[in-house]
Amino acid sequence: LWTLADAIYPVVGGNATAHSYNLKNTAAFQLTFSGGWTHSATGMLPNGSTGYANTGWIPSVQSDPTSKTASGALYLRTDVNGTYVDMGAKDASNYYFQIFGSFGCIFCGQRKESNRTPETISVSAAPGSRGFFLINRVDVNNTFIQWNTTQSSLFYSFPTTDAAAPTVSVYLGAENVSGTPTFFSPREIAFAWLGKSLTTTQANTLQSIIQTFEFKLSRQITLP
């Protein structure tokens, strides 16, 4: 999957500088932290009120120029449900690219369609905001999301007039609304991915790779 990645944040080293680097290319998409964060061996934890990290990765620039396809993924380690965005960008035209790790016990994802209800996967309350989360746009109309090994059961089709992507960079730990962070998350991030569109098989492969990596670091959570 290496060639499909734009940014890989393995979140190792236990400090802000180490956590900021993009494994794919340390000279590109280095995280810029703002507000309150706690950095440790288990990951990077925003404080839920001021903490966010700017990836510098802009969906409209990095996604496919025709179909606007792209993918984003997180590995979260914190049990907390609420109105938080763990990875997000929204521009003035209401185009989205974001992950709600557990939004009232529902995993929601939006992948660049304008003014559309997010696609969702129901998750149980206790472990609902932990584990692997992925959003993916397959082509100009179709998208899917994944929580751990559970993928959305249907591909939802939208009009091609919605084939656009946010023109602002993706934040971690909050949603970037045209340059203003909001919906701050208190969930610990142990891994992040931004890249090209994945097939459902490749998405499962990415989940397996990250899960194995977290296990080897001894910071894997018990999946539901």
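Y52 is buried, with a relative accessible area of 17%; here buried means under 20% relative accessible area, exposed over 50%, and partly exposed in between (1.4 Å probe, protein chains only). The model is a predicted one, in which local features need pLDDT of at least 70 and side-chain atom pairs count only at pLDDT 80 or more, while totals for chains, interfaces and linings use all residues. Residues are numbered from 1 along each chain as its sequence is written, and side-chain values use heavy atoms, with hydrogens and water left out.

Y171 counts as buried, at 5% relative accessibility. Rings of Phe, Tyr and Trp (its six-membered ring) pair if their centres lie within 6.5 Å; planes under 30 degrees apart count as stacked, over 60 as edge-to-face and the rest as tilted. By this rule there are 5 aromatic pairs. One of them joins F33 and W37, an edge-to-face pair with 5.2 Å from centre to centre and 70° between the planes. In this pair F33 is partly exposed at 22% relative accessible area, whereas W37 is buried at 14%. The ring centres of Y52 and Y171 lie 4.7 Å apart and their planes meet at 25°, so this pair is stacked. The two tyrosines link distant parts of the chain, 119 residues apart: Y52 sits in strand 5 (residues 52-54) and Y171 in strand 14 (residues 171-172). Together with F184, Y52 and Y171 form one aromatic cluster.

Next comes the wider fold. The protein has 3 helices and 17 strands, where helices (H or I, at least four residues) and strands (E, at least two) are DSSP runs numbered from the N terminus. Of its 224 residues, 52% count as buried.

A203, L206, Q207, I210, Q211 and E214 are its buried residues. After helix 3 comes S218, with a positive phi near 60°.
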